[in-house]
Amino acid sequence: MTDTTMVGALNLGLRHELERDPKVLLLGEDVGRLGGVFRVTDGLQKDFGSDRVVDTPLGEAGIVGTAVGLAMAGYRPVCEIQFDGFVFPAVNQIVTQLAKIRHRSAGRTAMPVVIRIPYGGGIGAIEHHSESPEAYFAHTAGIKVVTPGSPQDAYTMLRQAIGSPDPVIFLEPKHRYWTKGPVTPVAGSGVAAGPLATDGLHRARIVRAGTDVTVVAYGPLVATALSAAGIAADEGTSVEVIDLRSISPLDSDTVVESVRRTGRLVVAHEASRSHGIGAEIAARVQQEAFYHLQAPVLRVTGYDTPYPASRLEQDWLPGVDRLLDAVEAVRKY
């Protein structure tokens, strides 16, 4: 076990998958010689060659379209989209081809494509560089959507995603790229090891136990929720924090079981409130745990506006204070 940043954990996960399977390829703008704008692929082209770590022209539709063809030919391509807002030129390839081919072929053609997307705000950037597109992709059947909240999950979940036969949108919370944490590499990362089991890829995890209020978060807001839970504990409120980890499929069983114990739920995400993941979770909880609820489900989210200028983003993003206000509101209801 060693302490590393989320960037370091992602780099290690990619390195181990390149070592494990010669069919794994990386492609994207500046992923090779530069090592990616966030340095997630730093050093990989030098060690694995330009045939396996491929610098592409600037054209996201071409990157994903090429990945679809490579997957049909038996490869496991991992695409990098430089920023969240740049993925939209590739939506046609993602929605009309990538998401459909396995179903269209009755399961005969696997589509092991991972699309890595740095997403979310908090780094002082503007629109197209700080967006949260998870709901767009979660609404598309045939695609899986996951996001890690810690360096360990970044390492493990990325390797599991690359081993999956289905296309995975892998959302990386860029605000947490430089957060350090312990990472234990999986033993046997060489070619003979085989892919990691994907059983746990789509399970939520309780990252802090509590008894009074359940807070569900994912990606960049897991750390925010844990900070809020610590402050709430000092003030006498026990908050259980769930890291959702997988947005589609969504592990609602873990959330429902927690709400049945606490009776109160707050859902937090950076994306806009309306028509978002928080609404989906609230609907499932009212359907499956209605008689256990002691208060309405509250959402703490970004606003229904385009992402603001950088000087305003700390007011726009859900922070510890807004989370604590919601926790207090449901506790006192």
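**From a loop residue to the core**

Mentor: Let's start at Arg39, which is partly exposed because its relative accessible area is 39% (buried is under 20%, exposed is over 50%, and partly exposed is in between, with a 1.4 Å probe and protein chains only). Before going on, a word on the ground rules: this is a predicted model, so local features need pLDDT of at least 70 and side-chain atom pairs count only at pLDDT 80 or more, while totals for chains, interfaces and linings use all residues. Residues are numbered from 1 along each chain as its sequence is written, and side-chain values use heavy atoms, with hydrogens and water left out.

Back to Arg39: you'll find it in the loop between strand E2 (24–28) and helix H2 (44–48). Those labels are DSSP runs numbered from the N terminus, with helices (H or I) of at least four residues and strands (E) of at least two. Most non-glycine residues have a negative phi, and most peptide bonds are trans.

His275 also has a positive phi, near 65°, again in a residue other than glycine. It sits in the loop between E13 and H10 and, with a relative accessible area of 76%, counts as exposed. For a peptide bond that isn't trans, go to Ser248 and Pro249, which are joined by a cis bond with omega of about 0°. Pro249 belongs to the loop between strand E12 (246–248) and H9.

Now for the inside. The largest nonpolar core has 40 residues, and those with the most contacts inside it are Ile94, Ile115, Ile169, Leu244, Val255 and Ile281. Here a core is a set of buried Ala, Val, Leu, Ile, Met, Phe, Trp, Tyr and Cys residues joined through side-chain atoms within 4.5 Å. Elements that give it two or more residues are helix H3 (60–72), helix H4 (91–98), strand E5 (114–119), strand E7 (168–173), helix H9 (252–262), strand E13 (265–272) and helix H10 (277–288). H3 gives the most, with five residues. There is also a second, separate core of 29 residues, with Met6, Leu10, Leu14 and Met157 among them.

Zoom in on Ile169: leaving out residues up to four places away in sequence, it touches Ile94, Ile115, Ile117, Phe137, Ile143, Lys144, Val145 and Val146. Contact here means heavy atoms within 4.5 Å.

Axes are lines fitted to C-alpha atoms, for helices over the stretch in contact, with angles from 0 to 180 degrees between N-to-C directions. Under 35 degrees counts as roughly parallel, over 145 as roughly antiparallel, 65 to 115 as roughly perpendicular, and the rest as oblique. Ala61, Val64, Gly65 and Val68 of H3 meet Gln93, Ile94 and Leu98 of H4. That set divides into five nonpolar, two polar and no charged, where Ala, Val, Leu, Ile, Met, Phe, Trp, Tyr, Cys and Pro count as nonpolar, Asp, Glu, Lys and Arg as charged, and the others, Gly among them, as polar.

H9 and H10 pack at about 55° with their axes 10 Å apart, and are therefore oblique to each other. The contact joins Ser252, Asp253, Val255, Val256, Val259 and Arg260 of H9 to Ile281, Arg284, Val285 and Glu288 of H10. By class, the H9 and H10 contact has five nonpolar, one polar and four charged residues.

One last stop is Glu17, in helix H1 (residues 6–20). Glu17 counts as buried because its relative accessibility is 0%. Not counting residues up to four places away in sequence, Glu17 touches Val24, Arg159 and Ile162.
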